Amino acid sequence: MKTKFCLILAVLLSTAASLSAQDSRSFIKERIKEWGSCRSAALTLNGGNLALTGRNTYAAKGIPEDLRKTLDELIDQGEYIEDVQLTENGSWLVHYGINGFRWSNIPSLLEKILKEYYTDLDGLALLLNSEVVSSVCFNDDGNWILISNERVLSSPDFSEAIEKGTEQNGEVLTAYMTDDSFVVCYEKGITTFGEIPEKVHNMLKNNKFTIYRLKFLPDGAYFIADKDGTNYDYYM
């Protein structure tokens, strides 16, 4: 009887989580339709979803409360939100302004590298060099990729493969990763590594604009957009 009860409870919890995720995605889809543009998104299976448009307008449901507070604080300060990363386990990163970052529970080596970009003097963040970061991504397995106008860094070392792609696809723009795959956006195309959902593969074959932001999930959900969010597409 106890075993049967546990099985029923597990099914109910799984169903509730699935319905919550669907509700979260429906919420941000409605906001995107209202906006008519969208620059980026943060998608998870069960950890909440977020969409970002305009200069500093976002819609989110089910995301960690400390992430929401951070976004609201940065927006109140007039900071430009460049991108948001969010994992199933609740780790997150907000990329804002020029090399501005806030995060929670990201890989330790990535954290160390991000701290090198800025130093704090009398409460003011000062840029240490001319290097500008365009993309930071990571997963719950501790892997990460950082792309700037001067270099590509990663752990484990994906950088050689990523930079090799420039020979065929031109300048590297951004990257995104899940626990078992990653994609790299170049000015002339996309390179994929690992297990990419078929729906995402098919979308990439038929896409007609330069993708600057690409987010996707193992279940085939995805979001793509050009740099300013005028051209975008999604399946959620």
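Buried means under 20% relative accessible area, exposed over 50%, and partly exposed in between (1.4 Å probe, protein chains only). This is a predicted model, in which local features need pLDDT of at least 70, side-chain atom pairs count only at pLDDT 80 or more, and totals for chains, interfaces and linings use all residues. Residues are numbered from 1 along each chain as its sequence is written, and side-chain values use heavy atoms, with hydrogens and water left out.

**Exercise 1.** Find how many disulfides the structure holds, and classify Cys 137 as buried or exposed.

Solution.
- Apply the criterion: a disulfide is a pair of cysteine sulfur atoms within 2.5 Å.
- Searching the whole structure gives zero disulfides.
- Cys 137 is in no disulfide, and its nearest cysteine sulfur, that of Cys 185, is 9.8 Å away.
- Cys 137 has a relative accessible area of 0%, so it is buried.

**Exercise 2.** Locate Asn 99 and Asn 105, and classify Asn 99 and Asn 105 as buried or exposed.

Solution.
- Strands (E, at least two residues) and helices (H or I, at least four) are DSSP runs, numbered from the N terminus.
- Asn 99 sits in the loop between β5 (92-96) and β6 (100-104); Asn 105 is in the loop between β6 and α3 (108-115).
- Phi is positive in Asn 99, about 60 degrees, although this residue is not a glycine. Asn 105, also not a glycine, has a positive phi near 60 degrees.
- The relative accessible area of Asn 99 is 1%, so Asn 99 is buried. Asn 105 has 61% relative accessibility and therefore counts as exposed.

**Exercise 3.** Describe the peptide bond from Ser 155 to Pro 156.

Solution.
- This bond is cis, with omega near -5 degrees.
- Pro 156 belongs to the loop between β11 and α4 (159-164).
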